[in-house]
Amino acid sequence: MRHRLLAALAAGLALAVTGCGSPAEVDGLLTDDWPALAEPALFTPAAGVCHRHAPRFDTGAADYKPVDCGTIHQTETFHVDAFDAGQGEPPKLGDPALKAAYDTCDTRAREWLGGRWQDARLSLRVGVPTRRAWDAGARWFRCDIQEFVALHAREAADREQSLRGELAGESDLRLGCFDYEVGDEYIEKMLPTLCGIPHLSEYVGTHTATHRTYEAMEADVDGLDRACRRVVAGYAKVPDDARLADRAGWFYYQPDPYEWGLGDRAVRCFVDRYGSQLTRSVRDGGDAALPVRY
């Protein structure tokens, strides 16, 4: 009885299947008449937005959380561009392609800010796609700008307005005159002050390092010293000769390894008088501003 019941069920199932015929105008294929799915759009960041904190160097859609620049933020994206289509691998820190992207961001930053970001308490950053996005075809790079807290404390500062046009006129972010505090061996704090009152140092400009590696730049103390000496002489309009050291001293801030890897080559130079106070800006001051002391 059990075998006959199973046989009957099998026969009924066969009838049910063969009874499900298709109309003549239907071919029976389930997918060939469906419209093709659109290719998923690649994530590309936007310019003209801000970020509560600094985005990762390699950013994906899941990490991307822009905010309005009128709210508290630490980073602003002012330009988005693209690597050459022939760039096969995603650029890493120190790669020539990343340096080229950084140089593009540098040029755009000067236009957007209205001045050289190196002359202000600002830092330039570059962001790239994640490896997964790169493999999917993303080739963008992102140009970001940050205000930092102080020369001796390079963490990003909170802001509540855009930096667009910030350096086109007077700005509290411009590097000017400073007092400083010295630790056991090095300057530990740089404290902004007015140039019209007694102070210890003044920002005089930047030297662009041309070393092939960060290690070579860091080891070339004499070369960086000579470079900043030239910047001091040009700023103060005094001869760049053996007597310059009798007029003033100088020191500098160099990029850190991460900044160098991005493409930053700016060495910021400062003049001082060996701990004695300056009473005015030395800019274009000649012998009156920096007389020979010995």
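1. The protein chain folds into 8 helices and 12 strands, where helices (H or I, at least four residues) and strands (E, at least two) are DSSP runs numbered from the N terminus. Bear in mind that this is a predicted model, in which local features need pLDDT of at least 70 and side-chain atom pairs count only at pLDDT 80 or more, while totals for chains, interfaces and linings use all residues. Residues are numbered from 1 along each chain as its sequence is written, and side-chain values use heavy atoms, with hydrogens and water left out.

2. Some overall numbers. Of the 294 residues in the protein chain, 41% are buried; buried means under 20% relative accessible area, exposed over 50%, and partly exposed in between (1.4 Å probe, protein chains only). The accessible surface of the protein chain is about 16,600 Å², and carbon and sulfur atoms account for 54% of that (Shrake-Rupley method with a 1.4 Å probe; for residues, only the protein chains shown count as cover). Taking contacts in the protein chain between residues at least 6 apart in sequence, 64% join residues at least 24 apart, a contact being heavy atoms within 4.5 Å.

3. On to the charged pairs. The whole structure contains 16 salt bridges, each being a side-chain nitrogen of Lys or Arg within 4 Å of a carboxyl oxygen of Asp or Glu.

4. Have a look at Glu259 and Arg125, a salt bridge whose closest N and O atoms are 4.0 Å apart. It links distant parts of the chain: Glu259 sits in helix α7 (residues 257-262) and Arg125 in strand β5 (residues 122-129), 134 residues apart. Glu259 counts as buried because its relative accessibility is 4%, and Arg125 is buried too, at 17%.

5. Glu147 and Arg159 also form a salt bridge, with 2.8 Å between the closest N and O atoms. Glu147 belongs to strand β6 (residues 140-150) and Arg159 to the loop between β7 (153-156) and β8 (177-182), so the pair ties together parts 12 residues apart in sequence. Glu147 is buried, with a relative accessible area of 11%, and Arg159 counts as buried at 11% relative accessibility.

6. What about Asp284 and Lys237? Their salt bridge has its closest N and O atoms 3.0 Å apart. This pair links distant parts of the chain, 47 residues apart: Asp284 is in the loop between β12 (266-272) and α8 (286-289), and Lys237 in the loop between α5 (221-236) and α6 (244-247). Asp284 is partly exposed at 47%, whereas Lys237 counts as exposed at 53% relative accessibility.

7. One more to check on screen: salt bridges link Glu89, Arg131 and Asp135 in a network.
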